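Dear colleague,

Please find below the structure that I am handing over to you. My notes on its contents follow directly after it.

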Amino acid sequence: MTIRISPEETARQRAFSERVREISENRESLPIAHVHTFGCQQNVSDGEKIKGMLLEMGYGLSESPEGADVVIFNTCAVRENAEDRVFGNLGALKHNKAKNPDMIIAVCGCMTEQEHIVSRIKKSFPHVDLVFGTNALHTLPELIFGQLSEKKRVFSVPKSDGVIAEGLPIRRESKISASIPIMYGCNNFCSYCIVPYVRGRERSREKADIIAEVKKAVEEGAKDLWLLGQNVNSYGKELGTSFSELLREINAIDGEFRISYMSSHPKDATKELIDTIAGCEKVSRHFHLPVQSGSSRILELMNRHYTREHYLGIVEYIREKIPDAALTSDIIVGFPGETYEDFRETLSLLREVRFDSLYTFIFSLRKGTKAEKMPDPVSEEEKGKWFRELLCVQAEIGRDMYQKYVGKTLRVLCEGRGRSNPEMLTGKTPQGVIVDFYGGDELLGQFVDIRIEQAFEWMLVGKIV
C-alpha cells in the first residue's frame, strides 16, 4: 500500500532541518556537503532533493568529498559495475574519515534496499555512519540531526510498497532542464530487473501536484521538462487518469518549452498515447521504447508481456502518425538461455525497425531476480562477440538514419557548450538528436532554427538560419 507522507510529517522534518541549521550557524565556518549520484534520471532527481534539503539545513555544496563534513552516495542497483564503483568510492573515504572523525558518511538509494548490500556495508565499511533507503529519503533532516546529536550508526531501510513525499526542497542541476517525477516504482517484474524490488510498487503523484511543479519550473525559466517514472505509460491507473491526459494538460500550459519523458514500456504504448503525442506540439518527437530482444521466445523469458510482432505494430503506428519521429531502444545481449539464433532475430529487428540509436548492454546478473536462477551456458567471450556484431550493425544503421537530417532546418534548444568542439554550442532537436553549431552564449536556454550540414553516427552539425 502506498504511503503518502502527511503535511504534519513534512512540517516535522522541516523542524529538524531548522535545528540542524542552528547547529550549522554556530560553527566557525560553513559546513560542506558532497552528494554523488549514480544511475538513472530518477536517481538524479532524488539527488536534487537531497541537495535541496542539505541547503535548507545550512550546508554548502561541494563537487568533491575532500574536506566535506557530509558525504552522501546516492546509489544505483541496476548493474553490477555501478555497485562496484560505490564500494570502491566508500573504501577510499576511509582515509577522509581518519582525518576528520566527525565527518558523516551516508549511503542511500537503490542499493540500500537489498539486504545483502546492507549487510556488506555493516561488516566491511564501519566508517559508514548512515544508510537509508528510497522510502526514507524525506527523513534526511531527522537522520542528519541524529548523527550530529548522538553519533551512532543508523540503518533506516523501512519495508514498504513505497512512499510519495510532496513539498521537498529541490536544488536543480540545470537552469534549462527540469526533471519532474510523475510516478515511482514498477509492477512489471521483468525477470532480469531489480527495480521493482528496490523501488517498490507503481504509485502515481496527484496530477495537481505535478502540474504545480511544472508551472513553477517554467516560471523559473526551464525549457526542457523531463517527466520521470519507471514506466510513465502506466501513470495514473490507480488515480483514474492517464499519461495521455497528463501530457495534454502540461502541453496546454503557457510558455515555450519542450516535454520529454522516460522510461516507456512497449506493453503500455497505446494508440491513444501515440495519437496524443502527435497532437501535442510541445511533446518531443522521440520515442525511446526498450525492446531488449528481437526474439519472442527471449521476450517471454524476460517477462516483457509483448511479442516481436506486437512491438513492430507499435513502430508501424508511430511512423504512420508521426513520420518525423526518432526511435531509440535498449538491447540486452546474452540473456540466460539466448542462442545465436535468438540473437540473429535481434539483428533482423534492428534492420527492420532502423533505430536512430541504441543503448546496448551485455546481460548483468542481479541477485534476487528470476534470471539469477536461469541456466546461462553461453560464455562471456561469446557474448562479447555477439555484442560487437550488434554494435557494427547499429553503427551502419545510425549513420544512414542521421544522414536524413542533412539539408533540413530543425528547431533546437540550446543547452551548453558543443559536444564535438567546445567553441561551439550544442542542443537537441524535437527528436532528441544532438546538434552542434556556432553561436554566442546569449543563446543558452533559447530555441533556435538550425540548418543541418553534416551528419555523424551519433550527432549533427549545422548553422543558425
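In helix α11, the residues R308, Y311, L312, I314, V315, Y317 and I318 are buried, where buried means under 20% relative accessible area, exposed over 50%, and partly exposed in between (1.4 Å probe, protein chains only). Helices (H or I, at least four residues) and strands (E, at least two) are DSSP runs, numbered from the N terminus. Please note that this is a predicted model, in which local features need pLDDT of at least 70 and side-chain atom pairs count only at pLDDT 80 or more, while totals for chains, interfaces and linings use all residues. Residues are numbered from 1 along each chain as its sequence is written, and side-chain values use heavy atoms, with hydrogens and water left out.

The cover over the buried residues of α11 includes α9 (271-279), β14 (286-288), α10 (296-302), β15 (326-333) and α12 (340-353). The length of helix α11 (residues 308-321) agrees with expectation, because its 14 residues at 1.5 Å a residue should span 20 Å and its end C-alpha atoms are 20 Å apart. The expected span is 1.5 Å times one less than the number of residues.

Two further buried residues may interest you. S24 is found in helix α1 and counts as buried because its relative accessibility is 7%. Apart from neighbours within four places in sequence, S24 is in contact (heavy atoms within 4.5 Å) with P31, M57, G58 and Y59.

N188 lies in the loop between β10 (183-184) and α6 (195-199), and its relative accessibility of 6% is why N188 counts as buried. Its side chain is joined to that of K267 by a polar contact of 3.2 Å. Such a contact is a pair of N or O atoms within 3.5 Å; within protein, one must be able to donate a hydrogen and the other to accept it, and residues adjacent in sequence count only if both atoms are side-chain atoms. Leaving aside neighbours within four places in sequence, the contacts of N188 are E202, N231, H265, K267, N303 and H305.

On a 1 Å grid over the protein atoms alone, a cavity is a set of points where a 1.4 Å probe fits but cannot get out, and a pocket is an open set with protein on both sides within 12 Å along at least five of seven lines; lining residues have an atom within 4 Å of a point. Grid points are joined across faces, edges and corners, and a volume is the space filled by probe spheres set on the points.

By this rule there are four cavities of 30 Å³ or more. The largest cavity holds about 170 Å³ of space. It is lined by 13 residues, of which D46, T134, L137, V163 and Y184 are the closest to its centre. Both α2 (41-56) and β8 (163-164) supply at least two residues of this lining.

The second largest cavity has a volume of about 80 Å³. Its lining consists of T10, Q13, R14, S17, M53, E56, P141, G167, L168 and P169, and α1 gives the most to it, with four residues.

The second largest pocket contains about 340 Å³ of space. Among its 17 lining residues, L168, I170, R172, E213 and K216 are the closest to its centre. Helix α7 (residues 207-219) contributes the most to this lining, with five residues.

Yours sincerely
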